[in-house]
Amino acid sequence: MKVFIVFAHPELKSFNGSFLEGTVEHLEGNGHEVRVSDLYREHFKSVVDENDFLNFKEGDKLNVFIQSTIATKEGKLTKDVYDAQANLKWADLVIFQFPYWWFSMPAILKGWFDRVYSSGFAYNVGVHNSTRFGDRYGEGNMAGKKAMLAVTVGGSESQYSPRGIHGSINELLFPITHGMLHYPGFTVLPSHITYKTDRAGEQEFNDSLNSFLNKLDNIDTIKPIAYRKQNFGDYEYPSLELKEGLEQPNESGLSIHIAK
């Protein structure tokens, strides 16, 4: 198996840094190929601007979507973006590992998505008709590949439960798992969450790491999140609203986009 890990944490001596080290050692020890993109050590540029598009003409108005589409088509993106895209094409499984900060990912990782997910590579909304609206949400260049999150949070599991003060962790991660992974076609596996990380000792670290490694050893048996596909009959056109009656009785909110 070819595994690409996108790692976003500023401190290698952290829980996350040790977790990454243990993951890579285990995977390589079992004969898998592993590539790691350590965004902080790489000083990955996290802000989209005109310098991301080598064919941008000074003085023109920058429309990121349009310029991204043109630059992708003409092969005028920057080397760091091409390197990341090549790793995505290479991988069978992509793991995004990061701490959950202020109800999202670290800014450097968000910038990675902003820049690497260029129009025409990670999505294509321009091809549509009465029955389909582009290659996304279950289709696209990442179709056939698996992806998952390995996330650390500071709070307890109860705080991130459906009745917890912060909200359900699965709903909080929905913009990432559904919007950033399912969108370009990944088969999305359930996230691996480690709670109360700042207060975790050696036993808690080993328990979380061993649980994660067991998941990786049995990756083909893990049931993916059953996100509904956009162009396979579940959504109305052109509104892209879920068809009436597909949800469970009294079901509402984000969960209706997961087939039961």
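Hi everyone. Some ground rules before we look. Residues are numbered from 1 along each chain as its sequence is written, and side-chain values use heavy atoms, with hydrogens and water left out. Because this is a predicted model, local features need pLDDT of at least 70 and side-chain atom pairs count only at pLDDT 80 or more, while totals for chains, interfaces and linings use all residues.

Let's begin with strand 1, residues 2-7. Strands here are DSSP runs of E with at least two residues, helices are runs of H or I with at least four, and both are numbered from the N terminus. Five of the six residues in strand 1 are buried, meaning under 20% relative accessible area; exposed is over 50% and partly exposed is in between, with a 1.4 Å probe and protein chains only.

Which strands pair with strand 1? To get from strand 1 to strand 2 the chain passes through helix 1, in a right-handed β-α-β crossover. Right-handed means that, with the strands pointing away from the viewer, the path from the first strand over the helix to the second runs clockwise. Strand 3, residues 93-99, is also parallel to strand 1, over five bridges, with Val3 opposite Leu93. Two strands count as paired if DSSP finds at least two bridges between them.

Now, salt bridges. How many are there in the whole structure? Eleven, each one a side-chain nitrogen of Lys or Arg within 4 Å of a carboxyl oxygen of Asp or Glu.

Take Arg115 and Asp80, whose closest N and O atoms are 2.9 Å apart. Arg115 sits in helix 5 and Asp80 in helix 4, 35 residues apart. Arg115 is buried at 6% relative accessible area, whereas Asp80 is partly exposed at 28%.

Another pair is Lys146 with Asp220, at 3.2 Å between the closest N and O atoms. Lys146 belongs to strand 6 and Asp220 to the segment after helix 8, so this bridge ties together parts 74 residues apart in sequence. Shared partners also join Lys45, Asp49, Asp52, Asp80 and Arg115 into one salt-bridge network.

Last stop: residues around the largest cavity include Phe15, Gln97 and His192. A cavity is a set of points on a 1 Å grid over the protein atoms alone where a 1.4 Å probe fits but cannot get out, and lining residues have an atom within 4 Å of a point.

How values were computed: 1 Å grid on protein atoms, 1.4 Å probe; cavity = no way out; pocket = protein on both sides within 12 Å on 5 of 7 lines; lining within 4 Å.
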